[in-house]
Amino acid sequence: MDNTQKKTPAEHKAYIRSLTRISFFFAYQWHAKHPDETMGAVVRNRTPLFHHALGLLRNEGEEHGEWQRLLEKVRTVAEKAKDAAEFEEIMFAFVTPFADSRADRFYPQSVGVALPKDWNVRSLKYDPPKDSLPATYCTFHIANALAPRSIFDDPEHLPLCFLELMDRSEAEFGYDMLYTSTWLNDHPKWLPLFPREWHDNLSPRSGDVSWTFGHWGQLVNARGEFNEKMGRYVREHGELKYKPRKSHCSFQSMREHLADLASGA
């Protein structure tokens, strides 16, 4: 495989199939431990199936019928399947034609091929103010503008993205604090980018799981293909390896820390 090239449509289809499979496997395991949640709710709210694999938006829009048909199948199969493997196989066979059609449809804007349209600072994106946070908090998100290379391949890439993000969001919204919640806050390659203030403010490792890539992004590699190593971990342990954690720090401390990194201090 030539890892200098973007993933192909066939590789994207294989990625969608793997993401679909792991979603059903994980959902069965989670439901066994949390029987108070319906299987449909687990599949919809705790796996990447609906949003990331199938591109079914979390509303009752034009694809509401397909959404409901899938949830009804999930319910009936869950009542009969004897284990996670059987549930995965039956559901995967049921959904594969639809999943393949969605892979073909969304390949041009898929992860590893193109950034989301609203990404505003290369591998980073900052949001407008949120009512749930202090007015000066800059909530940011992470993607990969370097695909098929890793965001960590160029040691200057993320620091420059952060400097630009702080400058622009400060000018636009008056922000002075960085904030995010992500599995990367549990990853040893990510944390050295941040000052002591960020480390001191890290929340405990959370065992909760949602459908977002703030949780499931660790199952995607730099090319936008399925991360087989992380997939094996989920199958062996029934949970994600890296746990999402929240943190925040001031723009000032981040700028000082990035200056120290650039100088080798």
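Reader: What are the axes of two helices, and how do their angles run?

Author: Axes are lines fitted to C-alpha atoms, and angles run from 0 to 180 degrees between N-to-C directions. Keep in mind that this model is predicted.

Reader: How are two packed helices described?

Author: Two packed helices are described by the angle between their axes and the distance between the axes. Take helix α1, residues 9-33, and helix α2, residues 39-46. Their axes come within 9 Å and cross at roughly 125°.

Reader: Why are α1 and α2 called oblique to each other?

Author: Angles over 145 degrees count as roughly antiparallel, and 65 to 115 as roughly perpendicular. The crossing of α1 and α2 is at roughly 125°. The two helices are therefore oblique to each other.

Reader: What is the hand of the crossing of α1 and α2?

Author: The crossing is right-handed.

Reader: Which residues of α1 and α2 meet?

Author: From α1 come F26, A27, Y28, W30 and H31. From α2 come M39, V42, V43 and R46. By class, this contact has seven nonpolar residues, one polar and one charged.

Reader: Is α2 mostly covered or mostly open?

Author: Mostly covered: six of the eight residues of α2 are buried. They are M39, G40, A41, V42, V43 and R46.

Reader: At what angle do α1 and α5 pack?

Author: The angle is about 145°, and the axes of α1 and α5 are 8 Å apart. This crossing is right-handed. The contact of α1 with α5 divides into twelve nonpolar, four polar and seven charged residues.

Reader: Now single residues. Where does S123 lie?

Author: S123 lies in the loop between α5 (84-106) and β1 (124-126).

Reader: Is S123 buried or exposed?

Author: Buried means under 20% relative accessible area. S123 has 0% relative accessibility, so S123 counts as buried.

Reader: What does the side chain of S123 reach?

Author: The side chain reaches the backbone nitrogen of A145, at 2.8 Å. Leaving aside neighbours within four places in sequence, S123 is in contact with residues including H141, N144, A145, H157 and C161.

Reader: In which strand is F140 found?

Author: F140 is found in strand β2, residues 137-142. The relative accessibility of F140 is 0%, so F140 counts as buried.

Reader: Which residues is F140 in contact with?

Author: Set aside its neighbours within four places in sequence, and the contacts of F140 include L124, Y126, F162, W190, F194 and W198.

Reader: How far apart are F140 and P128?

Author: They are twelve residues apart in sequence. In space, C-alpha to C-alpha, F140 and P128 are 9.7 Å apart.

How values were computed:
Residues numbered from 1 in each chain as written. Predicted model: local features only at pLDDT ≥ 70, side-chain atom pairs only at ≥ 80, totals over all residues. Heavy atoms only, no water. Helix = DSSP H or I, 4+ residues; strand = E, 2+ residues; numbered from the N terminus. Parallel < 35°, antiparallel > 145°, perpendicular 65-115°, else oblique. Left-handed = near helix turned anticlockwise from the far one by under 90°. Contact = heavy atoms within 4.5 Å. Nonpolar A, V, L, I, M, F, W, Y, C, P; charged D, E, K, R; others polar. Buried < 20%, exposed > 50% of the residue type's maximum accessible area, 1.4 Å probe, protein only. Polar contact = N/O pair within 3.5 Å; in protein donor to acceptor, adjacent residues only side chain to side chain.
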